[in-house]
Amino acid sequence: IDTLRADRLPFYGYKRNTTPFLGKITEHGIVFTNAYSTSSWTVPAMTSLVTGVYPSSHGVMRGSIKKGRVYKQEIVPRKLPNLPEQLRALGYRTYGVTANYHLTKELGFGRGFDRYACIGFCPAEKVNRAFLEWKHEIESQNSPVFIWLHYFDPHIPYIGRQPWLKHYQSDETEGERSTISSIWRPVKLRQVLKKNEPRILTLIQSHYDSEINYCDEYIKNLFQEFPSFEHYVTVFTADHGEEFMEHGKLGHANNLYNDTVRIPFFIRLPEAVSATNSKEVASLVDVAPTLLAIAGGKAPLSWQGRALIDQRGQISPQEERYVLAQLHNGIVPPLNALIGSNWKLIVNDKTQDKELYNLMDD
């Protein structure tokens, strides 16, 4: 799910039940409580997801969108082995639906997929509809299947989704709801925020939470349409989080603080009998090697992540580990972060300013 903070989910301690369905799935799997993206926005993070390497290694770090067209975004290098290619070599049929213009086939994200559809910025309902066109094909074959589904909610604009919004924010006026739901750019929303910050900020976050519920509902619907999903290994994560003025900003791609780089990450194994929480430090670069290990494959030497569990579903404990997060988008000063279980260091490449955090306290 695009733009999803870990701390907005009940299985990460959130007070609102934003994901009743996904919460049930976590009862039969492993939740990684120290999981991080490789960046604080989609393009470098999603490239890391499919290639298993950090942004400084894959080089896909920039890109902007105007009127549905992508500008100055690097193409995913063909020389980098990716997850769908590796699984297809093991005999898998591969399917992908993404709801973000940054993830088109032309930009390299369709490589290795038998079927791939990038449907632009669309709500969860349309992601399901696009994928269900392949339902009969998937169910009528004997080969193993890999599916990548990318949901855009709860990215800005924060659309107020009912009935959840009414439950979270019963006193919101129609005018407030319409204004917040229609603004696409964080800078514009910040202007609205300045007029009545405490209240508007509360409303924005309630809208965001209702979008998570909406997305959760459609994931549940898809599982109902595909009863066989109960027998699939399921990995759930996000590309990055979102900040709500914790550091004076709205949105993401501004910094490498935990509001935007700490992500949800869990693996559901069909045969698991109970939930497990792991404090092992995990990264988006681990998704590809973990899935490949479960499928019985061997990771390419270029991949920088590691398999978090083995083929039997056992957690692979490691000695103290640090992972990277990087932001080199050409808009803000270039930033690198080194993140472990207890410590986090953020370095500004331009000024060499450093911020060191004890994650146990802050």
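Predicted model: local features only at pLDDT ≥ 70, side-chain atom pairs only at ≥ 80, totals over all residues.
Setting aside neighbours within four places in sequence, Glu 172 is in contact with Leu 165, Arg 177, Ile 180, Arg 199, Leu 203 and His 207. Glu 172 sits in the loop between helix H7, residues 164-168, and helix H8, residues 174-182. Its relative accessibility is 8%, under the 20% cut-off, so Glu 172 counts as buried. What does the side chain of Glu 172 make a polar contact with? The partner is the side chain of His 207, at 2.7 Å.

Next, the nonpolar cores. The largest has 84 residues, and the members that touch the most others are Phe 109, Phe 131, Trp 148 and Phe 265. Helix H10, residues 197-225, gives the most to this core, namely eleven residues. Apart from it lies another core, of 20 residues, which includes Trp 41, Tyr 257, Ala 337 and Ile 346. As background, nonpolar side chains in soluble globular proteins tend to be buried together.

Take Trp 148 as an example. Again leaving out neighbours within four places in sequence, its contacts include Met 46, Leu 49, Val 50, Tyr 95, Phe 109, Phe 113 and Tyr 116. Gly 96, Val 97, Thr 98 and Leu 103 are also in contact with Trp 148.

Now helix H5, residues 124-132. Which of its residues are buried? They are Ala 124, Val 127, Asn 128, Ala 130 and Phe 131. Looking down the axis of H5, these buried residues fall within an arc of 165°, so they line one face of the helix. The general point is that an α-helix has 3.6 residues a turn, so residues three or four places apart point the same way. The cover over the buried residues of H5 includes strand E4 (93-98), helix H6 (135-139), strand E6 (145-150) and H10.

On to charged pairs. The count comes to 23 salt bridges.

In one of them, the side chains of Glu 85 and Arg 111 meet at 2.9 Å, N to O. This pair links distant parts of the chain, 26 residues apart: Glu 85 is in helix H4, residues 83-89, and Arg 111 is in the loop between E4 and strand E5, residues 115-118. Glu 85 counts as partly exposed, at 26% relative accessibility, while Arg 111 counts as buried, at 9%.

Another joins the side chains of Arg 306 and Glu 280, at 3.3 Å, N to O. Arg 306 lies in the loop between helix H12 (287-294) and strand E12 (323-327), and Glu 280 in strand E11 (residues 276-283), so the pair ties together parts 26 residues apart in sequence. Arg 306 counts as buried, at 14% relative accessibility.

Then there is Asp 286 with Arg 321, a salt bridge between side chains at 2.8 Å, N to O. Asp 286 is in the loop between E11 and H12, Arg 321 in the loop between H12 and E12, and they are 35 residues apart. Is Asp 286 buried or exposed? Asp 286 counts as buried, at 0% relative accessibility. Arg 321 is buried too, with a relative accessible area of 15%.

There is also a network of salt bridges that links Arg 5, Asp 7, Arg 8, Arg 16, Asp 209, Glu 246 and Asp 259.

Last, a hairpin. Strand E14, residues 343-348, and strand E15, residues 354-358, run antiparallel and are joined by five bridges. Lys 344 stands opposite Tyr 357 in E15. Five residues lie between the two strands, and Gln 352 in the turn has a positive phi of about 65°.

Conventions. Residues numbered from 1 in each chain as written. Heavy atoms only, no water. Helix = DSSP H or I, 4+ residues; strand = E, 2+ residues; numbered from the N terminus. Buried < 20%, exposed > 50% of the residue type's maximum accessible area, 1.4 Å probe, protein only. Polar contact = N/O pair within 3.5 Å; in protein donor to acceptor, adjacent residues only side chain to side chain. Contact = heavy atoms within 4.5 Å. Pairing = 2+ DSSP bridges. Core = buried A, V, L, I, M, F, W, Y, C linked by side-chain atoms within 4.5 Å. Arc of directions from axis to C-beta. Salt bridge = Lys/Arg side-chain N within 4 Å of Asp/Glu carboxyl O.
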